[in-house]
Amino acid sequence: MAKLYFRYGAMNSGKSTGLLQAAYNYEERGQRVLLAKPAVDTKGDHEIVSRLGVTRAVDVVFAPADDVRAAVSAAGSADPESGRLDGMVRPVSCVLVDEAQFLTPKQVDDLLRIAVLDGIPVLAYGIRTDFRTEAFPGSARLLEIAHSLEELKTICRCGRKAVFNARLIDGRFVFDGSQVAIDGEDVTYESLCANCYLTESGGHLDGD
Ligand SMILES: [Zn+2]
């Protein structure tokens, strides 16, 4: 049975690199993959950019109101390389979703349907929590319903495992603001462990 996988981690935990590696592994075996991502992303909506400098165009971009299952089905039935197999459309062996935290919960439900009802494994990669330590809606739903959860690890400046993504504006930590940064602000992020996050926030957490 095909499954829905959620591979999550803090920023800079190599999610996009892992996704592109997984795509390569399928294709090395002659299998076809579909690369997808939600439209809300400041890094560019139509490509997957890994920190190692590898970039690849996505096959499907999901707008917030899109029916993800229908979009994947439509993309799957149009195979740009079908000429290689006497015009046959090659079946999709895996759907790979980058920036999955930006999916709506309803779209994540569709990912489970794609896996279970359509028989296509879905690998979703994303960030678990925002800079306030709150789950992104898409990630919350993935944590609820994915068959398999795998944490991708990255290291805090102190050497512990980083679990949070602290936001800096003009180089200073901020702990309030919108979940998705507003364009025009000089926003950066640092992946921190809980100890360093609480040190920087003065002990504040968003549940307070
Ligand atoms: Zn730390």
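How many bridges join strand β6 (residues 92–97) to β7, and do they run parallel or antiparallel? Three bridges join the two, and they run parallel. The views below start from there.

This is a predicted model, so to speak of a local feature we need pLDDT of at least 70, side-chain atom pairs count only at pLDDT 80 or more, and totals for chains, interfaces and linings use all residues. Residues are numbered from 1 along each chain as its sequence is written, and side-chain values use heavy atoms, with hydrogens and water left out.

**View 1. The six-stranded open sheet has parallel pairing.** Reading across, the strand order is β5-β2-β6-β7-β1-β8. At the edges stand β5 (60–62) and β8 (148–152); each has a single partner strand, so one side of each is left without a neighbour in the sheet. On average, neighbouring strands here are turned by 20° against each other, direction ignored. Angles run from 0 to 180 degrees between N-to-C directions, and the axes are lines fitted to C-alpha atoms, for helices over the stretch in contact. Helices (H or I, at least four residues) and strands (E, at least two) are DSSP runs, numbered from the N terminus, and two strands pair if DSSP finds at least two bridges between them.

**View 2. Strand β2 (residues 32–38) meets β5 in the parallel sense.** Three bridges hold this pairing. To find one of them, look for Ala36, whose bridge partner in β5 is Val60.

**View 3. β7 (122–126) is mostly covered.** Five of its five residues are buried, where buried means under 20% relative accessible area, exposed over 50%, and partly exposed in between (1.4 Å probe, protein chains only). In a regular strand the side chains alternate between the two faces of the sheet. Here Val122, Ala124 and Gly126 point one way from β7, while Leu123 and Tyr125 point the other way.

**View 4. Helix α4 (residues 137–145) lies across β1 (4–9), β7 and β8.** The helix runs at about 130° to β1. Its buried residues are Gly138, Ser139, Leu142 and Ile145. They cover an arc of only 145° around the axis, which puts them on the same side of α4; the arc is that of the directions from the helix axis to the C-beta atoms. These buried residues pack against β1, α3 (105–116), β7 and β8, with contact meaning heavy atoms within 4.5 Å.

**View 5. One cavity of 30 Å³ or more turns up in a search of the whole structure.** The largest cavity has a volume of about 60 Å³. Its lining includes Tyr8, Gly9, Ala10, Arg128, Thr129, Glu151 and Leu152, along with Ala162, Val163 and Asn165. Both β1 and β8 supply at least two residues each to that lining. On a 1 Å grid over the protein atoms alone, a cavity is a set of points where a 1.4 Å probe fits but cannot get out, and lining residues have an atom within 4 Å of a point. Grid points are joined across faces, edges and corners, and the volume is the space filled by probe spheres set on the points.

**View 6. A three-stranded open sheet has antiparallel pairing, in the order β10-β9-β11.** β10 (172–174) and β11 stand at its edges with a single partner strand each, so one side of each is left without a neighbour in the sheet. Neighbouring strands are turned by 45° against each other on average, direction ignored. Three bridges join β9 to β10, and Leu168 has Phe173 in β10 as its bridge partner. Helix α5 packs on this sheet, touching β9, β10 and β11, and its direction makes about 130° with that of β11.

**View 7. Helix α5 (residues 194–201) has Cys196, Tyr197 and Ser201 as its buried residues.** They cover an arc of only 125° around the axis, which puts them on the same side of α5. Their packing partners are β9 (164–169) and β11 (187–192).

**View 8. Cys196 sits in helix α5.** Cys196 counts as buried because its relative accessibility is 12%. Leaving aside its neighbours within four places in sequence, Cys196 is in contact with Cys156, Arg157 and Cys158. Its C-alpha atom and that of Ile155, 41 residues apart along the chain, are separated by 12 Å.

Notes. On a 1 Å grid over the protein atoms alone, a cavity is a set of points where a 1.4 Å probe fits but cannot get out, and a pocket is an open set with protein on both sides within 12 Å along at least five of seven lines; lining residues have an atom within 4 Å of a point.
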